[in-house]
Amino acid sequence: MNTRNDAQQAPPPVSIDVHTMGRTVDESQVDQWELKAARRALRNLKSVAGGQVMMDLLAGQIEAGDRYYRELVAASGGAYRESRTEFTIRGLSGTAMANWFSAQAGTGRFLDKSLLLNAHPEHYVEPPTYTGGMVETIDGRLCRFKVSVARELPDAVAAFLDASYPVTLMTALLSLDDDTPFAYCLHQARDTDAGADVVVRVIYPSAAPDSMIEGHCEHLSIEFRSWIRNAAAATR
């Protein structure tokens with residue numbers, strides 16, 4: 001086999017320019033339009049089929065998730081591991097971010113529900129029977145959990161706190177539907193000359209697979225960027 005000749009004969013990759021209303025744009029711009037349209041469609045679906053309607057549609061997947069996550073907790077024996085994402089913010093202090101979180105979610109439930117629901121495409125619905133919570137995708141499975149302020153942390157969870165981030169954004173307990181403690185949110189910040197350094201963590205049972213940890217880092221990146229932008233807009 002003549003690999004060199006095969007490579008020389010391979011057709012070049014297809015690229016596209018789009019011409020619309022006197023403008024020429026490349027595919028990266030079309031990607032942005034597609035993403036904007038997808039977000040708009042998701043917001044519409046969540047508003048039309050929200051609440052108990054969405055819960056009923058997803059009931060089988062939610063119950064399967066409940067079973068899976070209870071098994072993870074049981075297999076972990078009280079040990080934990082972290083999913084951790086860090087942000088460098090310019091133009092918004094950690095203190096201002098903390099004040100925004102306190103105003104929005106001091107009780108574990110966002111006052112403006114849309115800020116929570118629309119922070120990530122895979123935030124499906126807030127269970128209508130919960131005072132705070134979410135149904136979202138974690139590691140390809142739906143997870144239904146309650147959110148409450150974590151006033152006391154197990155020692156194995158508190159060990160993940162970092163004293164170099166003195167500003168608390170959120171410390172929350174995520175519980176499964178049967179009140180089994182499942183995970184903890186430990187979100188901290190520190191002020192800098194330019195703005196803030198922020199570290200956000202979800203502390204999962206130690207049996208959580210790498211795919212869950214890595215996938216939730218991506219989830220946190222999307223979710224918290226949205227909230228950082230919301231907080232910045234509120235301080236303008």
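**Close-up 1. Lys146 and its salt bridge with Asp179 in this predicted model.** Lys146 is partly exposed, at a relative accessible area of 22%. Its side chain meets that of Asp179 in a salt bridge, with 2.7 Å from N to O. The two partners come from distant parts of the chain, 33 residues apart: Lys146 belongs to strand β6, while Asp179 sits in the loop between β7 (167-175) and β8 (181-191).

**Close-up 2. Glu63 and Arg144 joined by a salt bridge.** Here the closest N and O atoms are 3.1 Å apart. Glu63 is partly exposed at 38% relative accessibility, whereas Arg144 is buried at 10%. Look around the pair, too: Glu63, Asp66, Arg144 and Asp177 are linked in a network of salt bridges.

**Close-up 3. Helix α5 (residues 94-105) against helix α8 (residues 210-235).** The two axes come within 10 Å and cross at roughly 95 degrees, so α5 and α8 are roughly perpendicular to each other. On the α5 side, Ala96, Met97, Trp100 and Phe101 make the contact; α8 contributes residues including Phe224, Trp227 and Ile228. The contact residues divide into nine nonpolar, two polar and no charged.

**Close-up 4. Leu45 in helix α2 (residues 27-48).** Leu45 is exposed, with a relative accessible area of 52%. Leaving aside residues up to four places away in sequence, Leu45 touches Gly50 and Met54. The C-alpha atoms of Leu45 and Tyr124 are separated by 9.5 Å, and these residues are 79 apart along the chain.

Definitions and conventions: Residues numbered from 1 in each chain as written. Predicted model: local features only at pLDDT ≥ 70, side-chain atom pairs only at ≥ 80, totals over all residues. Heavy atoms only, no water. Helix = DSSP H or I, 4+ residues; strand = E, 2+ residues; numbered from the N terminus. Buried < 20%, exposed > 50% of the residue type's maximum accessible area, 1.4 Å probe, protein only. Contact = heavy atoms within 4.5 Å. Axes fitted to C-alpha atoms, helices over the stretch in contact; angles between N-to-C directions. Parallel < 35°, antiparallel > 145°, perpendicular 65-115°, else oblique. Nonpolar A, V, L, I, M, F, W, Y, C, P; charged D, E, K, R; others polar. Salt bridge = Lys/Arg side-chain N within 4 Å of Asp/Glu carboxyl O.
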